[in-house]
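Subject: Structure handover and findings

Dear colleague,

Please find the structure below, followed by notes on what was found in it. I would be glad if you could read them alongside the coordinates.

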Amino acid sequence: MSAETIRNKYNTFRNLLALNNECLELMAGLQEDLLYVPPRADIAGLRAAAIFERAEGAAAALQKLSGHSYPALFSAIGEQRHEVEVYLAAATELATPRFSVWLYQVCADAAPEVGGKAAALGEIKNRLRLPVPDGYVITTEAYRRFCGIPLWTAIRDASRAANLNDLHGLQAISAKLSEMVMACPIPRAIEVAITERAPALRSGDLGLAVRSSGMVEGGERTFAGQFVSLINVAREQLVDAYKTVVAGRFSERALSYRLSTGFTEVESPMAVLFLPVIHARASGITYTRDPRDPSSDSLWITATRGLGLDIASGRMPADLFVLSRRHGHPLLESKLARKSEEILPEAGGGLVRRPLSEEEAGAPSLAPAELRLLAECAMLIEHHFKSAQDIEWALDQEGRIWILQSRPLALAGRAGAKAKTRPRVEPLLSGGRTVCPGRVSGPAFLLESLQALGSTPEGAILFLRRPAPEIVKVLPRIAGLVAEWGNPTGHAATLLREFKVPSVFEMEGAFDRIQAGEMVSLDAVQPGLYRGSWWPKREVEPAAAERQGERGNDPIGRRLLVLHLLDPAASNFRPAGCKSTHDVLRFCHEKAIEAMFAINDIALERGPHTSKKLLTPIPVNLYVLDLGGGLALEDSKASDVGPAQIVSRPFQALWKGLTHPGVTWTRDMPASLSDFASVMASTLAADGAMRALGDKSYLLVADEYMNLNSRLAYHFSLVDACLSEVPSNNYISFRFVGGGATRQRRNLRACLIGEVLSVYGYTVDRRGDLVNAWLKRAPADETAEKLDILGRLMACTSQLDMYMTSREVMQWYTQQFLAGNYAFRPPGSEEPASQ
């Protein structure tokens, strides 16, 4: 095999990595898209098509790189593409969107379509048969269609950048989004839905009330006063009023509230409610319990003359009536305010403030019979919703009561009422990148090595140096996850989003600042970590089986996004096991690394090539082949090369460890010749296919890649690594086997190597004196650091099998290496330990 052929294989490998990364980014984007909009061919279809195209490219690259044919991969991709395309086509064709709904068609379960406020009113109107004005709702689907891709993209990007601690930044984001909403043209179908229903509402010469009805508005988190409502809007201004209400969703206060309570965009789309304006003689708010003392037997009614627009804000004085909750609702207390003016709707639109006479200003705004009637209505509503209610009402000129809004009443000491508010203390740690939003509390579980993953307790917040797909084993039972490093578009991030586990990557310092078992609270909305329990301990819901059902409950998830191939050593890790496109990519990525891992021996033992001898004091006969960008030579015809001329990033990181000033490549052999079991042989009995002792070792290098296949002393080692600024490209594969001592001592040295690498985050598989270890998808700095450590370990363990007389001795050497005593000198000694 010629040098050019080897370079072509390397380029194919790099192309496969690029396709894999593009697919993972597209998948992460698709998952994010589906947090904002329903699956449709115009959005999800474009990303899905790009993913399938690149997956086919990755499968073709694997065939070219490995020399093996994988027809099952192409068949799998074809089946997956067909199923997803059929699903998207059907969803797009059958989902005739309802942009508007009459209020008489609405009940409580319609909140996802009409928002919480409209759903509650529909429930009161249609189930309780209490007086609620006729009206209609412009739905959340209309909101999504109005936003469209350009506006949705701006909302998504701005939401990423929003920071509650940056008030000026929030103000700028709010202004930008509000301006974009007002400038965005409304689709004709939505404009028709707004204007054609309005004439059917009987409001005389008055206009309509145009009110927000967010999907989460009026629930436990009330969003009270955060959105915009416009009263007495002229019919010709209804379309602009709709846009104004939607724009109010992005006001500075609304953004702050949504971020501080932890709600995502997908949880809070905006519907808009249109109601006829009530020409009110009086209006106000009823609390069905005393908000200060929920155990008391009283309810509150605040009321004023005219429209009570300023009661909730406190800008308008109001009468307070305290009534008994018992039958008959006797008046317990009243405090009359002096009301200097009343707000009235004007014919044709708009509001006017009319001064009140002295007699009107001091008179009660409601008569006793009206108070009792209001109390009866309020108790019916509370009984129906099974919780204390905050009810907005109006009394028209004919003395009829109209219910305008009802939502759960926030009571002092109510369990869970502050479950999502941010702590008013400085976080222990802050920063990082949200993978899946949420806020949870739980005991900290610090995991240095994934090999101990099985001991993760239920309900814990799991802390890792770096996540890997293997975390799927504990995702059903953990409360949250924090990783010091990680790729938000990688496999682990995909799994965290699938399982809806609140999680943050790139939050550093936890291992130094918290103790195992300490109660902590994770904010994965505005990334921060707090000591103590600021939110209720999370009941890990849904249960594991239910969560598994959530993963891939439609073809986009099941056939495109969900990752089933989690363990490369498992029996299903083969083309026939690729149930999703994500599986295909994982298979191609793993097999490509395996192919590069093996390329050294296959390639370099055949035919002439243009390698150069490495000039080095290290006792290895090493020849270097440049695959492209790995060498910086003044004379390209030179037959040798120095370490400084090898500019490959992974090699330089490994070389830093191999030449660490604390390591030694030579040590005195034990006195007993019986320690040499197989040194006299010219080949290593552990693997007859390996090159003879003393033959050439080979190093393949590129700017971001290296493959070292070498004999160091009496053992064989192989290092294959990629180091770049793209974490998902980065990996280290290491193999070590053999030695010159007895089998028992070789095995003990392999134990030492495996234990050290496990401590440093490698995944290790040891069988006898054979060690295989991997580190994958780490950031560049971490990958370089772990290559440095690997280089030190390779140097320090050279010939060390001769000293492995017992497990206790092996453990001593392990501890010394981890302590940085690379020369293995006993305390107080300048000489290496002699066993």
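**Arg466 and its surroundings**

The side chain of Arg466 reaches the backbone oxygen of Gly761 at 3.4 Å, and one of its polar atoms lies 2.7 Å from the backbone oxygen of Lys776; a polar contact is here a pair of N or O atoms within 3.5 Å, where within protein one must be able to donate a hydrogen and the other to accept it, and residues adjacent in sequence count only if both atoms are side-chain atoms. Please bear in mind that this is a predicted model, in which local features need pLDDT of at least 70 and side-chain atom pairs count only at pLDDT 80 or more, whereas totals for chains, interfaces and linings use all residues. Residues are numbered from 1 along each chain as its sequence is written, and side-chain values use heavy atoms, with hydrogens and water left out.

Arg466 is placed in the loop between β17 (461-464) and β18 (480-483), the strands being DSSP runs (E, at least two residues) and the helices likewise (H or I, at least four), numbered from the N terminus. Arg466 has a relative accessible area of 12% and is therefore buried, a word that means under 20% relative accessible area with a 1.4 Å probe, protein chains only. Leaving aside neighbours within four places in sequence, Arg466 is in contact (heavy atoms within 4.5 Å) with Trp485, Gly761, Leu775, Lys776, Arg777, Ala778 and Glu782.

**The strands beside the loop**

In β17, Ile461 and Phe463 point one way and Leu462 and Leu464 the other, and all are buried. Strand β17 runs parallel to β16 (residues 439-447), to which four bridges join it, and Leu446 stands opposite Phe463. With β18, too, β17 pairs in the parallel sense over four bridges, Leu462 having Leu481 as its bridge partner; two strands pair if DSSP finds at least two bridges between them.

**Helix α17 and the whole protein**

Helix α17 (residues 649-658) is largely enclosed by the rest of the structure, because seven of its ten residues are buried, among them Phe651, Leu654 and Trp655.

The secondary structure of the protein comes to 20 helices and 30 strands, and 56% of its 835 residues count as buried. Of the contacts with a separation of 6 or more, 65% are accounted for by residues 24 or more positions apart.

Best regards

Definitions and conventions
Buried < 20%, exposed > 50% of the residue type's maximum accessible area, 1.4 Å probe, protein only.
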